[in-house]
Amino acid sequence: MLSLSMASLLLACCLSLFLLHMLSVKLVSLLRWKKLWLIPASIGTPIHELSHAITAIVLGHRVHRVQLFSPQPDGGLGYVEHSHRFGGVVGMITTTLISLAPIAGGLGMVYVITLLLYPSAIEPSFSAATLS
């Protein structure tokens, strides 16, 4: 059974995600006519979709089709069509991990870009000499 603090934290997370979603939908609808949002979207969307596709393959799902960047009238920018061979809890867990993959993919790209542009920013927080 969830404790009250855990339940309130879960509720706060869900509410935050909902508000972020609503804000992003509103922002896209406001900027749609300007088409300027397609510039950063053309970089971020392929990273996002590749994260889904790679994770699906690693977790044993069948990837049928990948569209890395193809703006649609409904606001869609890309997609990955996949199917899983697992049922029940395993299927739900792997599908959830595939859904969350762009978080890791985005963070990974930020790390790589930082490493390429500013390598001294990524240093170990301690060295072997401090352990002695």
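Of the 132 residues in the protein chain, 16% are buried, that is, under 20% relative accessible area with a 1.4 Å probe and protein chains only, whereas exposed means over 50% and partly exposed lies in between. The model is predicted, with local features requiring pLDDT of at least 70 and side-chain atom pairs pLDDT 80 or more, while totals for chains, interfaces and linings use all residues. Residues are numbered from 1 along each chain as its sequence is written, and side-chain values use heavy atoms, with hydrogens and water left out.

The protein chain contains four helices and two strands, arranged along the sequence as α-α-β-β-α-α. Helices (H or I, at least four residues) and strands (E, at least two) are DSSP runs numbered from the N terminus. Among contacts (heavy atoms within 4.5 Å) with a separation of 6 or more, 48% join residues 24 or more positions apart. The chain exposes about 10000 Å², of which carbon and sulfur atoms supply 74%; accessible areas were computed by the Shrake-Rupley method with a 1.4 Å probe, and for residues only the protein chains shown count as cover.

Helix 2 (residues 38–58) has 21 residues, and its end C-alpha atoms are 30 Å apart, in agreement with the 30 Å span given by 1.5 Å a residue. The expected span is 1.5 Å times one less than the number of residues. A kink of about 30° occurs at Gly44, shortly before Pro46; the bend is the angle between axes fitted to the seven residues ending at a position and the seven starting there. Buried positions in helix 2 are Ala41, Thr45, Pro46, Glu49, Ser51, His52, Ala53, Thr55 and Ala56. These residues pack against strand 1 (62–67), strand 2 (79–83) and helix 3. Just after helix 2, Gly60 adopts a positive phi of about 85°.

Helix 3 comprises 30 residues and reaches 44 Å between its first and last C-alpha atoms, close to the 44 Å expected. It is kinked by about 40° at Leu100, shortly before Pro102. Its buried residues, Gly91, Thr94, Ile98, Ala101, Pro102 and Gly105, pack against helix 2 and strand 2.

Leu115 also belongs to helix 3 (residues 88–117) and is partly exposed, with a relative accessible area of 38%. Together with Met109, Tyr111, Val112, Ile113, Leu116, Leu117 and Tyr118, Leu115 makes a nonpolar surface patch of about 820 Å². Patch residues have over 30% relative accessible area and no salt bridge; like charges are joined within 9 Å and nonpolar side chains (Val, Leu, Ile, Met, Phe, Trp, Tyr) within 5 Å. A salt bridge is a side-chain nitrogen of Lys or Arg within 4 Å of a carboxyl oxygen of Asp or Glu.
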